[in-house]
Each structure stands twice: as structure tokens, then as C-alpha cells.
Amino acid sequence: MRSSILQIIIVGILINVCLAKDTPDPSAKGGQKMSITITSAAFKEGDLIPKRHTCDGSDVSPPLTFTGVPNGARSLALICDDPDAPVGNWVHWMLFNLPPDTIGLAEAVPRDSTLPNRARHGVNDFGKFGYGGPCPPSGTHRYYFKVYALDSNLNLTGRVTKASLLSAMKGHILAEGQLMGRYRRD
């Protein structure tokens, strides 16, 4: 009797494991994470970011182009950060509630808290709205520009931080992509 109860429990566990494995990610279409391709006319994947887009130059955001945004997207979000910063991951730029038909961003996006297309800037780790370019204290750092297609607009108010943006996006990501550039000060 004990043996048959144990067998039933084991079979139940195995069935649950198999079902869980085959359950699609709710933030993926067709059970597979969709991918957005991000490119820039200013630099290629893994290349150096031009000085113009850093604290040593004009400190303006680079131009970015997005392809592969899924049809069901309701908004886009962008986060640019530096995982090599001495204090941990340093946020350089956050935008959210970009219209889903956005195919990219022109160079030098205004640093206003709200843009004409109703997209909103979060607060970067410089304590400001908008883009704050690479400015590493030493060595070569990597800068990840990440774009997320979301199934909703985000209802966030005030000075939005990366933590609050990531929390609001949880469970709403349909697709994502990233572009990495590097920078080293002379």
C-alpha cells in the first residue's frame, strides 16, 4: 500500500514537471522569446561609442534603430546601463511608454521628463531625466542599450527609477533586444 502511494506521488510529480516544462513563458509569443534587433549609425555591436555621445563630448544620445517589434506591442521601453561601474550597475538612460510603432530614436533625444510622443524619461543614476553618456572613472566599460516591447502602457508617475520600471514591466515583456557599445576615456 505504501509503495503504491509513493508511486502515485512520483508519477504526479513527473507529470507536473513535464507540464511546467511545456508551459510557454507568458511574456513570449508561441512559447519562444521574440527578439528585437537594435542598431546604431554611430557604432556597431561591441565597438567604441563615439566621444560625441559621452561626457567627454556633446553628451547626446546616439541614434538607435529598432526592428522586430511584435504586432501585439502596446509600448516600448529602453534602458541603457553600465554593469562595469565601480558602484554596481549604473543607469545612463531610461525611456518608457514609447509608441509601439517607434522604429528608432534620433540622435540627441531631448532630456524633458515627457516627450511630445508622450514617452516618459525615468531618472538616471546621475539624478536627471534623459540620457547621461558614458563617463567611466577608469578602464573600458560596456554600455547596454536594451529595448523591450510590452503588452501595455505603464502607469508610472513621479521620478521613475530602474527598479520601479523593471517591476512594472514584469510579466508584460513580449520581446527584447540589446546593443552593446564600449567606452574608455583618454
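## Leu 48 and its surroundings

Leaving aside residues up to four places away in sequence, Leu 48 touches Phe 43, Arg 182 and Tyr 183. In this predicted model, Leu 48 belongs to the loop that joins β2 (37–39) to β3 (64–67). Its relative accessible area is 48%, so Leu 48 counts as partly exposed; the exposed class begins only over 50%.

## Thr 54 in the loop between β2 and β3

Thr 54 is likewise found in the loop between β2 and β3. Is Thr 54 buried or exposed? Thr 54 has a relative accessible area of 0% and is therefore buried, as the limit for that class is under 20%.

Apart from neighbours within four places in sequence, Thr 54 is in contact with Ile 49, Asp 59, Gly 133, Pro 134 and Tyr 183.

Side chains of opposite charge can pair when their charged atoms come close. The structure holds seven salt bridges. One of them joins Asp 186 to Lys 51, with 3.2 Å between the closest N and O atoms. This pair links distant parts of the chain, since Asp 186 is in the segment after β9 (173–184) and Lys 51 is in the loop between β2 and β3, 135 residues apart. Asp 186 is exposed because its relative accessibility is 87%, whereas Lys 51, at 41%, is partly exposed.

Another salt bridge is formed by Asp 56 and Arg 185, whose closest N and O atoms are 2.7 Å apart. Asp 56 lies in the loop between β2 and β3 and Arg 185 in the segment after β9, so this pair ties together parts that are 129 residues apart in sequence. Asp 56 has a relative accessibility of 29% and so counts as partly exposed. Arg 185 is also partly exposed, because its value is 36%.

## A buried salt bridge and its network

Asp 81 forms a salt bridge with Lys 162, and the closest N and O atoms are 2.6 Å apart. Asp 81 is part of strand β4 (residues 75–82) and Lys 162 is part of helix α2 (residues 162–169), so the pair ties together parts that are 81 residues apart in sequence. Both Asp 81 and Lys 162 are buried. Through salt bridges that share partners, Asp 81, Lys 146 and Lys 162 are joined into one network.

## The nonpolar cores

In soluble globular proteins, nonpolar side chains tend to be buried together. In this model, the largest nonpolar core has 26 residues. Those with the most contacts inside this core are Leu 64, Phe 66, Leu 78, Trp 93, Leu 95, Leu 105 and Phe 145. Two or more residues of the core come from each of the elements β3, β4, β5 (90–98), β8 (140–150) and β9. A second, separate core has 13 residues, including Ala 77, Leu 156, Leu 165 and Met 169.

Which residues does Leu 105 touch, not counting residues up to four places away in sequence? Leu 105 touches Pro 62, Pro 63, Leu 64, Phe 66, Leu 78, Trp 93, Leu 95 and Leu 98.

Methods
Residues are numbered from 1 along each chain as its sequence is written. This is a predicted model: local features need pLDDT of at least 70, side-chain atom pairs count only at pLDDT 80 or more; totals for chains, interfaces and linings use all residues. Side-chain values use heavy atoms; hydrogens and water are left out. Helices (H or I, at least four residues) and strands (E, at least two) are DSSP runs, numbered from the N terminus. Buried means under 20% relative accessible area, exposed over 50%, partly exposed in between (1.4 Å probe, protein chains only). Contact means heavy atoms within 4.5 Å. A salt bridge is a side-chain nitrogen of Lys or Arg within 4 Å of a carboxyl oxygen of Asp or Glu. A nonpolar core is a set of buried Ala, Val, Leu, Ile, Met, Phe, Trp, Tyr and Cys residues joined through side-chain atoms within 4.5 Å.
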